[in-house]
Amino acid sequence: MTQETAVTSGVADGIGTNARRPDGPLKAKGQFAYSSDLWHEDMIWGATLRSPHPYAHITGIDLTEALKLPGVYAVLTHRDVPGTNLYGLEHSDQPVLAVDTVRYQGEPVALVGADHPETARRAIKLIKVEYDVREPLTDAETAVSGEGPILHPGGNVVRHVPIRKGDPNATADIVVSGEYEVGMQDQAFLGPESGLAVPAEDGSIDLYVATQWLHVDQRQVAAALGLPISKVRLTLAGVGGAFGGREDLSMQVHSCLLALHVGKPVKMVYNREESFFGHVHRHPAKLYYEHGVTSAGKLVYLKAKIYLDGGAYASSTGAVVANAATLGAGPYDIPNVNIDCWGTYTNNPPCGAMRGFGAVQAGFAYESQMDKIAATLGMHPVEFRARNAMAEGSVMPTGQLVDAPAPVVELLDRVRRKPMPAPLPADPDIRQLPGGVSNTTHGEGVVRGIGYAVGIKNVCFSEGFDDYSTARLRIEVIADEPVATVHTAAAEVGQGLITIEQQIIRSELGIHRVTVHPTDTSVGNGGSTSASRQTYVTGGAVKAACEAVRASLLTLAARRYNLPRRDLTLVDGKLVSDTSGVLADLVDVLSTEVVEETVEWRHRSTEPIDPVTGQGNAHVQYGFAAHRAIVDVDTELGLVRVVQLDCAQDVGKAMNPQAVLGQIQGGSAQGLGLAVMEEIQIVDGKIRNPSFTDYLIPTILDMPPMDIDVLENPDPHAPYGLRGVGEPPTISSTPAIVAAIRAATGLALTRTPVRPEHITGT
Amino acid sequence: MRVRVTVNGEDRTADDVWEGESLLYLLRERLGLPGSKNACEQGECGSCTVYLDDSPVCSCLVAAGQAQHRDVRTVEGLAQGEALDPVQEAFVEAGAVQCGFCSPGLIVAAHDLLHRVPNPSDPEIREALAGNLCRCTGYEKILDAVRLAGRRINA
């Protein structure tokens, strides 16, 4: 249980309020320094030569012509990597620069440093690389079968997770099976990979970069540079969105290599095309599901096989596999579960983290199955789900007890009962029709459908990982006012963590003025900005730092006023004695003293899952969201317009209600993208659409209004009872929209995103 | 080549400009105005939107030389000193800024809309901002911000 806290409710801009983000005005004025905005006197520009082939052996590299180009300072290959030429989040299997083999189209082969980005681009074109092109391995199921080339020592299976619960031979009255496919989605953050590396005279380096986890970058960069950790200092530059795509390294090592080699600051900025090659994507998946159900509508068993294509390098595939397996049954009570989930190496682009990873792919399959079973039984899809929904006290297929609220039935019920949008008028505004101002219909051939879905996501890092964050908090008097300065290494990527940090300190200590110190590696590890974990873990660390600071302040006050420490408390920024009431303002207690505490904070521990049975208390917390989607479909052209997208989500405690809604709206939009438009299209291992012209993300015309219910059922194990918010809405929005398209058209639609030709059959 | 341009009311000159450089590159890398963002360089995302002689344009699609002797107004030129423009204020207040990378372009586009159409309907707002991509917000709070700014500008 969480300790009782001395939080003062109703503190201005404290927790539970819509406190404004401290970086908002700078961002709105165009004065916020993103990683691509950095500039240094005497800096040069870096560029990357990438493989045009998904699979080839390198037989020769000739740098002569590139080196001759005026304005070029350096051309580097793997021979110039002083440390370990392999890096990776879970496995060090990815070369900083290719040695003798390239395993995906876009793999970095060489680097150029030059006086102008155009000079660097031209020099890249002058590097001659000879390739012995091989037949790529492009299918995950083939990879699991063992056929095709072996791409890494140890074979092409990155990880296999089985889940075994109950009777593997269970039978049922009714059997419903389906095969589902999820396309490769891109994070499509707007701020491209970029940063500035500045060498120091002692051979150390400062890197200013947009990332999700400074310390894991620092570890990998230092290893590649062959430097001790202390000589590689990272500072978070402004981050233009992340969504998982900045968990892996992109230009971090490359810019440092060039900077140390040339002895000048080096800036690297990917353009949009390079960005599509420069970060990992969401794993495409093939999923085979079979459910057994009684004629009364109770789920008896699930048998599933899930194939996740990890592409050329492992990245976070292991964790993605574990999520898809452990959450593969969805938020339902199923007595017998038999799941096998594989993540593979292929020659497709590397896949890793994207919002909701593993849970998104499984969610599309199990929710499609729920609709199919409900239709088979002649039941309403919400009623069937509710009959089988898990709740607090349920046991997951991993054997883990769900020991916090799990209001799956209520979430579904809430979205079902929301008001319906008006039907299409007889003479609609074309902007409200599928196709919009393309003027492709005035309503003829347009049909409406409704779909529902619910999803489950683990929050924080799982499987026994030592998951913690560090917060340093300093309190002092500046200009007759108490001021708190909070310092963490946890990455603000747009979600609003720095606002939450300020809110926690205001509520805990009653200090209104809170400065957020620049985020860097001079303070301890903050952990990753992923797995919906930062408000939970870094929020928890800031709360714990407040408690430590409060204890020090009270000790200081007891000494200063010669009173028993146990009689003193701090209430709304004032020192209060049990016996005599308010004694002093914080300003007087502190006087010229500075109180500073640094705290590491961990959530409750988890366990690895058994590699044979998949059993174990693997997860910290579960998050849930449900969606209802209403769509209009032009059946003649296969165009879809989502008319309304409603959501209910349990967030435990809405630390900043406005930011919570922003997460739900933004996460739902990314799910809409995966439902109807977003897919990196791969042919023979090559990306066919690496641009915003050809890879479409939702515009303001594509996103419908959302009616959202935010539930606050506290999780007794979490700080303030809060739950991670960012990922759950990305899971259920996709299957809800596809279900609505099915309802409108009567088509089976087993693949997402749904393309026009899937609807028209042409 | 040399480019002379008026930016946010100031006469500016840049030397040694390569003919292939865009107005966006000129602003960001030569004139010290990185507020306009580069997110696609194809005119698809709107992050680089600036006024060119009072018309909003994607500055990534305008050659630097095309701005010669013309008037450019960027997101940095909207605020009056420390005071935010009402559109900027509404974006911050409504929660329309998350990562903020799209904000400069969206704010210029919304500023243009609200100075052309005093009380735009939701379909008008959506149509006017359809060329500006945002990946964080799902656009709901951007609509809130534009409605709020519209009410204040016309109050």
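A:Glu274 counts as buried because it has 20 C-beta neighbours inside 10 Å. The cut-offs behind that word: a residue is buried if 20 or more other C-beta atoms lie within 10 Å of its own, exposed if 12 or fewer, and partly exposed in between, with C-beta atoms placed from the backbone. A:Glu274 sits in helix α7 (residues 272-278) of chain A. Its C-alpha atom is 25 Å from that of A:Lys27, and 247 residues separate the two along the chain.

A quick note on what you're looking at: this is a predicted model, where local features need pLDDT of at least 70 and side-chain atom pairs count only at pLDDT 80 or more, while totals for chains, interfaces and linings use all residues. Residues are numbered from 1 along each chain as its sequence is written, and chains are lettered from A and ligands numbered from 1 in the order in which they are written.

**The two chains**

Chain A has 17 helices and 33 strands. Helices (H or I, at least four residues) and strands (E, at least two) are DSSP runs, numbered from the N terminus. The radius of gyration of chain A is 27 Å, close to the 27 Å that the globule rule gives for 762 residues, so chain A is as compact as a globular protein of that length. Here the radius is taken over C-alpha atoms, and the rule is 2.2 Å times the number of residues to the power 0.38.

Chain B comes to 5 helices and 5 strands, and from the N terminus on its elements run β-β-α-β-β-β-α-α-α-α. With a radius of gyration of 15 Å, close to the 15 Å from the globule rule for 155 residues, chain B is likewise as compact as a globular protein of that length.

Buried residues make up 59% of the 762 residues in chain A and 57% of the 155 in chain B. Now for contacts, which need C-beta atoms, placed from the backbone, to lie within 7 Å. Of the contacts in chain A with a separation of 6 or more, 81% are between residues 24 or more positions apart; in chain B that share is 60%.

**The sheet in chain B**

Chain B holds an open sheet of 5 strands in the order β2-β1-β5-β3-β4, with mixed pairing. Two strands pair if DSSP finds at least two bridges between them. At the edges are β2 (10-14) and β4 (55-58) of chain B, each pairing on one side only. From one strand to the next, the twist averages 40°.

Strand β1 (residues 3-7) and strand β5 (residues 71-73) of chain B pair in the parallel sense over 2 bridges. B:Val7 has B:Val72 as its bridge partner in β5(B).

Helix α3 (residues 103-116) of chain B lies across β3 (49-52) and β4 of chain B, running at about 45° to β3(B). Axes are lines fitted to C-alpha atoms, for helices over the stretch in contact, and angles run from 0 to 180 degrees between N-to-C directions.

**Where the chains meet**

How many residues of chain A are in contact with chain B? There are 45, facing 46 residues of chain B. On the chain A side, the elements giving two or more residues are α1 (24-29) and α15 (657-676). The largest share of that side, 7 residues, comes from α15(A). By class, the side of chain A that touches chain B has 18 nonpolar, 18 polar and 9 charged residues. Ala, Val, Leu, Ile, Met, Phe, Trp, Tyr, Cys and Pro count as nonpolar, Asp, Glu, Lys and Arg as charged, and the others, Gly among them, as polar.

Technical notes. Two residues are in contact if their C-beta atoms, placed from the backbone, lie within 7 Å.
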